Amino acid sequence: MTLRYFDMWGDAGFSRGLEEWSGVVTKWLTSLNDERVCVTFDMIEIREGDRVGFTSALIEYKALATDDTVLRSMRNRITTGFVKQDARWFVIHQHISAPVDAELKAILSF
């Protein structure tokens with residue numbers, strides 16, 4: 001089973017496989033220096049069947065200074081698909097996007 005991850009950032013906009021995705025996440029987290037990231041979820045919805053599951057939510061990322069001042073933030077939509085194999089759930093697809101306005105510009109905070 002291979003993970004396919006679609007993202008708004010990066011050159012390719014997607015990753016294939018856990019190793020490739022781990023590299024993207026590692027690059028992002030090591031670029032933060034002294035900053036921290038607070039991640040929160042809102043409007044979480046979970047659908048579960050016997051072998052397939054699906055989630056959707058709004059996800060907010062906040063970059064925090066060492067004194068907890070919010071330096072910047074953005075909200076995205078996230079959807080994740082799961083499959084159940086041998087009584088364990090595995091992520092098989094994840095997609096993150098930003099809503100767009102009438103001029104087709106991404107709305108990163110609302």
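Student: Where should I begin with the strands?

Tutor: Begin with a pair that lies side by side: strand S5 and strand S6 (residues 88-97) run antiparallel and are joined by 9 bridges. Please keep in mind throughout that this is a predicted model.

Student: Which residue stands opposite isoleucine 78 across that pair?

Tutor: The residue opposite isoleucine 78 is isoleucine 96 in S6. The hairpin of S5 and S6 has 2 residues between the strands, and in it aspartate 86 takes a positive phi near 55°, a positive value in a residue other than glycine.

Student: Is aspartate 86 buried or exposed?

Tutor: Aspartate 86, which is found in the loop between S5 and S6, counts as exposed because its relative accessibility is 74%, and the cut-off for that word is over 50%.

Student: How many bridges join S4 and S5, and in which sense do they pair?

Tutor: S4 and S5 pair in the antiparallel sense, over 13 bridges. Across this pair tyrosine 61 stands opposite methionine 74 in S5, and the hairpin that the two strands form has 5 residues between them, with aspartate 68 taking a positive phi near 70°.

Student: Which residues make up the largest nonpolar core?

Tutor: To read a core, one looks for buried nonpolar residues that are joined through their side chains. In this structure the largest such core has 7 residues, namely Tyr5, Ala57, Ile59, Tyr61, Met74, Ile78 and Ile96.

Student: What does tyrosine 5 touch, leaving out residues up to four places away in sequence?

Tutor: Tyrosine 5 touches Gly13, Phe14, Ser15, Trp21, Gln94 and Ile96. One of these, serine 15, has its place in strand S2 (residues 14-16), and it counts as buried because its relative accessibility is 4%. Serine 15 also lies 5.8 Å from arginine 4, C-alpha to C-alpha, although the two are 11 residues apart in sequence.

Student: Why does threonine 55 count as buried?

Tutor: Threonine 55 counts as buried because its relative accessible area is 19%, and the word applies under 20%. This residue is found in strand S4, and, with neighbours within four places in sequence left aside, it is in contact with Glu45, Ile46, Ile78, Thr79, Thr80 and Phe82. Over the protein, buried residues make up 25% of the 110 residues.

Student: What is the idea behind a salt bridge, and how many are counted here?

Tutor: Side chains of opposite charge can pair when their charged atoms come close. In this model the count comes to 4 salt bridges. In one of them the side chains of arginine 72 and glutamate 35 meet at 2.7 Å, N to O; this pair links distant parts of the chain, with arginine 72 in strand S5 and glutamate 35 in the loop between helix H1 (18-30) and S3, 37 residues apart.

Student: With which residue does aspartate 68 form a salt bridge?

Tutor: Aspartate 68 forms a salt bridge with arginine 36, and the closest N and O atoms are 2.1 Å apart. This pair, too, links distant parts of the chain, since aspartate 68 is in the loop between S4 and S5 and arginine 36 is in strand S3, 32 residues apart. Aspartate 68 counts as partly exposed at 48% relative accessibility, and arginine 36 counts as partly exposed at 39%.

Key:
Residues are numbered from 1 along each chain as its sequence is written. This is a predicted model: local features need pLDDT of at least 70, side-chain atom pairs count only at pLDDT 80 or more; totals for chains, interfaces and linings use all residues. Side-chain values use heavy atoms; hydrogens and water are left out. A nonpolar core is a set of buried Ala, Val, Leu, Ile, Met, Phe, Trp, Tyr and Cys residues joined through side-chain atoms within 4.5 Å. Buried means under 20% relative accessible area, exposed over 50%, partly exposed in between (1.4 Å probe, protein chains only). Contact means heavy atoms within 4.5 Å. Helices (H or I, at least four residues) and strands (E, at least two) are DSSP runs, numbered from the N terminus. Two strands pair if DSSP finds at least two bridges between them.
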